[in-house]
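Trainee: Could you walk me through how to read a ligand site and a buried residue?
Mentor: Gladly, let's look together.

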Amino acid sequence: MTKKALFIKTYGCQMNVYDSARMADVLAPLGYQLVDTADQADMVVINTCHIREKATEKVFSDLGRLKPLKARPQGAILAVAGCVAQAEGEEILVRAPYVDIVVGPQAYHRLPQLVAEATRAAGGVLDTDFPVEAKFDVLPRTTDAQAVSAFLTIQEGCDKFCSFCVVPYTRGAEFSRPVAAVVAEAEHLVSLGARELTLLGQNVNAYHGVGDGGVWGLGQLLVRLAEIPGLVRLRYTTSHPRDVDDALVAAHRDVPAVMPFLHLPVQTGSDQLLQAMNRRHSVDDYRRVVDRLRAARPDLLLSSDFIAGHPGETDADHQATLDLIREIGFAQSYSFKYSARPGTPAALLTDKVPEAVADQRLQELQALLADQMTAANQASVGTRQPVLFEKLGRHPGQLIGRTPHFQTIHVDAPPRLIGQVVAVDVVAAASHSLAGRVVTVDPAERQGVAA
Ligand code: 5AD
Ligand code: SF4
């Protein structure tokens with residue numbers, strides 16, 4: 001089989017990262033091998049994100065830049081995948097008629113057929129079905145060596161319909177993979193070198209997969225996955241505060257592999273806005289969920305997403321958000337300016353927040369959240385942390401790892417420690433990362449390790 005070069009550019013969330021890897025897996029039997037640049041590629045896939053307008057705009061500027069690839073004698077196949085493909089497939093083919101394939105997140109297992117059709121047909125082919133056959137049932141197993149920390153999608157789609165969010169429309173209804181399929185993929189990823197798995201889902205803690213004896217929740221699944229030999233750490237993202245049940249809280253208490261860090265978006269600290277956003281919980285509900293989790297795992301650190309300038313947001317709402325951030329304390333967070341998305345209920349609301357006000361509020365949120373992140377990092381200086389080393393650092397002799405609390409840490413250490421959990425003394429903190437020193441190493445290698 002002739003070898004062909006495949007370049008995939010990934011935007012957006014971790015699930016897109018996972019999906020891009022799966023697209024490479026389905027195309028591998030056709031001879032496609034991943035390369036690092038588009039220049040010489042025989043096929044280019046842009047895996048897109050539709051969550052905010054800015055992310056969406058990138059698709060068209062990328063396509064403009066890629067168009068010359070089509071002019072080569074053996075023109076490259078150009079494919080647009082992901083959530084923009086799902087939401088704006090027709091428009092892509094109109095605005096960029098040189099695109100060969102538009103494929104949604106639920107149809108990318110059909111890429112081999114789409115490539116065949118695209119090579120035969122003039123004009124682009126579009127597949128944005130939510131097919132009846134489950135994508136996960138037909139995706140091939142990956143054969144690539146895995147990073148120390150690997151992603152595993154266990155749940156996809158969302159039935160929550162927050163007012164501002166396109167995800168329920170682009171990813172479709174909630175679907176949970178069966179327990180046996182998740183366990184098999186987890187074992188496979190570990191056999192390929194993964195030591196940490198991050199379980200992915202748009203609403204990952206709404207997981208309800210068919211397993212032995214009935215339907216399993218995320219808590220039960222975590223207990224089972226933690227039994228896999230060689231798997232040392234488990235994380236999951238993204239969670240919804242409404243779906244934190246007792247079994248999940250118990251997993252944080254009882255399963256050492258479940259890391260004490262949780263991304264639990266609250267979006268706003270105002271009840272009035274939570275209601276306008278259709279989040280289906282109150283600020284107090286959020287406090288109670290956090291209390292239960294912290295009672296189970298006192299060292300748990302939290303992160304959240306926040307939106308500044310959702311329609312109807314008053315100054316008092318914004319202050320309430322700042323108050324909640326101060327009250328809860330977040331170790332890391334993401335904050336975004338509200339972006340009206342076509343087809344969502346919030347886009348129809350008329351009480352819009354002026355741009356300048358939203359900008360100002362976003363800055364205030366980001367300043368407070370950055371302070372909290374720095375404080376959380378500072379607080380870990382002087383502590384001893386089990387660090388999972390993931391890869392080589394930028395400086396010679398340096399490795400990059402993560403603490404249980406998901407903090408990035410730079411440590412001078414030998415490459416053989418990649419993939420291992422090693423005791424590290426945290427010696428310094430910057431705003432986004434830590435520096436540390438290995439506590440125990442072979443005496444022979446002592447010299448090689450920074451004192
Ligand atoms: N505008 C701004 N931020 C948004 N998010 C989702 N939709 C929008 C939107 N329309 C944010 C939410 C969500 C994160 C993934 O992206 O905070 O938790
Ligand atoms: Fe979007 Fe809300 Fe679903 Fe999260 S829970 S994916 S914010 S609709």
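Trainee: Which residues are around ligand 1?
Mentor: This is a predicted model, where local features need pLDDT of at least 70, side-chain atom pairs count only at pLDDT 80 or more, and totals for chains, interfaces and linings use all residues. Residues are numbered from 1 along each chain as its sequence is written, chains are lettered from A and ligands numbered from 1 in the order written, and side-chain values use heavy atoms, leaving out hydrogens and water. A residue is near a molecule if one of its heavy atoms lies within 4 Å of it. Here the residues around ligand 1 are I51, R52, F164, Q267, D305, I307, F336, K337, Y338, S339 and R341.

Trainee: Which backbone atoms lie 3.0 Å and 2.7 Å from a nitrogen atom of ligand 1?
Mentor: A backbone N or O atom of F164 is at 3.0 Å, and one of S339 is at 2.7 Å.

Trainee: Where is E313 found, and is E313 buried or exposed?
Mentor: Buried means under 20% relative accessible area, exposed over 50%, and partly exposed in between (1.4 Å probe, protein chains only). E313 sits in the loop between strand 15 and helix 12 (315-328); helices (H or I, at least four residues) and strands (E, at least two) are DSSP runs numbered from the N terminus. E313 counts as buried because its relative accessibility is 6%.

Trainee: What does the side chain of E313 make a polar contact with?
Mentor: A polar contact is a pair of N or O atoms within 3.5 Å; within protein, one must be able to donate a hydrogen and the other to accept it, and residues adjacent in sequence count only if both atoms are side-chain atoms. For E313, the partner is the side chain of R361, at 3.0 Å.
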